[in-house]
Amino acid sequence: MLKGFTRQYKPLDLLTEEETEAIHRGALYVLEKTGMRVEHDRALRLYAEHGCRVDWEARRVRIPSGLVEECLRQVPSGYILRARDPDKDLMVGGNTVYFMQGMGMRYVDLDTWEARPATIQEHREAMIVADALENVHLADGVFFYMDRQGIPPVMVMLENLVSGLRHSTKAEQFGYQKDCEIFAIQIAQALGINLNPELDTASPLTLYGGSVEAAFRYVEAGIPIQPCSSITMGAEGPVTLAGSMVLGVAIVMAWAVLTQLIRPGAPMSIQHGLKPMDMQRGSPRFGSPEYALTGAAMNQMLRKYGIPSCPGSGFTSTSKKIDFQAGYEKAMGALLSALSGGNLLIFQGGSCAELLYHPVLSILDDDVAGWIGRFLQGITVTDETLAIDLINQIGPIPGHYLSAAHTREWMRRELFLPKVADLEPYAAWIRSGKQDAMALARKRMEQILATHQPQPLTPDQEQAIEDILKEARNYYRQRGLISDAEWTTYMRTLESQI
Amino acid sequence: MQNLILENLARALKDYDAQAAARWARTAIEQGIAPLQALETLTEAIREVGDAFATGECFLPELVSAAEAMQAAMPILEQELHRTGVARGSVGKVVAGTVAGDIHNIGKSMLCTLLVADGFEVIDLGIDVPTDRFVEAVRQHQPDVLAMSALLTITALEQRNVIEALKEAGIRDQVKVVVGGGAINEQFAASIGADGYDPTAPGGVKLIRQLLGK
């Protein structure tokens, strides 16, 4: 199991007990009084069978508070996220903090800062980097480079998943789209992994058929799901932070009820993203202080419920470049998410909302993750770390601690060493050609690609995956979701890789 | 008296008060004000809000609220225009929708509201619109512009499918296609063969006017 980081002190509580209760009761009231629109007949029947009031015509379900609270109690406080290599399994929940890569639809050129669809080679390289980085605990191959050269849109998620599995032994994530969860479940079963798929919710108060259908499929296959409670405040929810919290928590509750009604005790976590709308541009304000506030408060609510939390605050910036703004927006969001009890932080590699991804940014972000991890570890206070005997022994100047055994004993455990930060003294920096963190990260990427070799899949695993992919390709081809032209390009792209 | 009514109509829009806008529109008709004149008052008022938005003085929710107030008053004036046989040409016809698999409604709705306030006739197909419904709507309504939205990175590529389907149906040339959504950009729009892209709703209105040479 990967240990990730452990928060060694009490979490940041933004809200008082009374305030969390006010939000909790507000959400209960909304579910019972306003209800959710759920566009899925089987789910509506299930809700109805368990005492919910269903308006079949409006597809609106009103959920009694008692059922909500019972289901919230039933959700396990954690689960094992199984990786291809069991040594890299994650135990999600509690005071453990893991990091995973962020999202980014396209590859960004580091000289022109322009974006374009990624090649197979670029996806592979990004995965190898993720496999090598010590603070990427979940190596998500699915949600970056969704725009791929030569691959039909309907196959991108599955091809990304397989590329991820081929080039990393760490835990993987998935989603849902046009039945591709059927094939993802087959792949998970063939490899003994469990994917932690994320499922969308639409705000305000709506569950669409696609994500609910995927929830049934995953939960029945014993796979832990990760529904998203995502709101653009001022558009999809109240502009007040507390008001959007009420909506955000109501979504959490609706999913908890659905999951527990499908299979009591089924594990889940919640991904959340309550961010303000940019009032001039209409776009979500990633990297804003309000997003960090709701992120911390949602972490607090989920701790109260004992449901693992996957905060989005800090996962991206609106900056188009890897620059100062990207650095501070991402780092502050991630730090506050970690301090307030987030369990699985979406973080390394993505920027420009969800548009861009680059492994060099992953490498830079990995240092930030390490920095945060060190902060979570806190200050160890024991007889040995207090070092009172040592202080007594060394005394005033000319005494010093450089050659003390205690220094050698503790320095690696106490001090964080970033991999690509510019730490050089000024003169050495001039001599080295004035290299900044960006230059050092580019160098580290070259070095990783030259030396790091992820453990390949076994021939049996390769065969099993190839068979499933073939079935998926035919499935979509037969349904007309891959056009003739796309198919020709696709086949040529695959052949060029052999 | 008539001036006072028109002033109140403009004031209702600038107060973002849809009910008052509808009420003053009704009063205007009752008091014999020419519907075209009332419409002009509203257009002038929404233009002022639009200008304030452009300078950053007013925010998007204010612009949308003003447009909704206009939307509330317009059917009343249009009905009167229709009754008295006065023609008010629409600036153009737009079919809009969010693509299949995508359930994001806000951006597309904002665009529709602003377009209506700007004098366009809008057919809103809603969210999660399958490719063939877009094609069918273009065939049926013969719009000047098809506007598609996709917020998710996964679904942005659906926009390409719709454009391909329009080509296959032989009606791609009959309509300008514009795309929007946070996950994409100009290059992407060009690469899938769209005629234009804008990331924002107010920008989308400008873009559509430009494409139609209005």
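Modeller: Happy to, and please keep in mind that this is a predicted model. Let's begin with B:Gln142.

Biologist: What is the phi of B:Gln142?

Modeller: First the general idea: most residues other than glycine have a negative phi. For B:Gln142, phi is positive, near 45 degrees.

Biologist: Then let's turn to A:Leu195. What is its phi, and where does A:Leu195 lie?

Modeller: A:Leu195 is not a glycine either, and its phi is positive at about 65 degrees. A:Leu195 sits in the loop between helix H6 (180-191) and S10 of chain A.

Biologist: And why does A:Leu195 count as buried?

Modeller: The cut-off for buried is 20 or more other C-beta atoms within 10 Å. A:Leu195 counts as buried because there are 26 C-beta neighbours inside 10 Å.

Biologist: How about the peptide bonds? Which residue is joined to A:Pro204 by a cis bond?

Modeller: In general, most peptide bonds are trans. Here, A:Ser203 is joined to A:Pro204 by a cis bond, with omega about 0 degrees. A:Pro204 belongs to the loop between strand S10 (198-199) and strand S11 (206-207) of chain A.

Biologist: What is omega for the bond from A:Ile397 to A:Pro398?

Modeller: Omega is near 15 degrees for that bond, which is cis. Look for A:Pro398 in the loop between helix H13 (388-394) and helix H14 (405-414) of chain A.

Terms used:
Residues are numbered from 1 along each chain as its sequence is written. Chains are lettered from A and ligands numbered from 1 in the order in which they are written. This is a predicted model: local features need pLDDT of at least 70, side-chain atom pairs count only at pLDDT 80 or more; totals for chains, interfaces and linings use all residues. Helices (H or I, at least four residues) and strands (E, at least two) are DSSP runs, numbered from the N terminus. A residue is buried if 20 or more other C-beta atoms lie within 10 Å of its own, exposed if 12 or fewer, and partly exposed in between; C-beta atoms are placed from the backbone.
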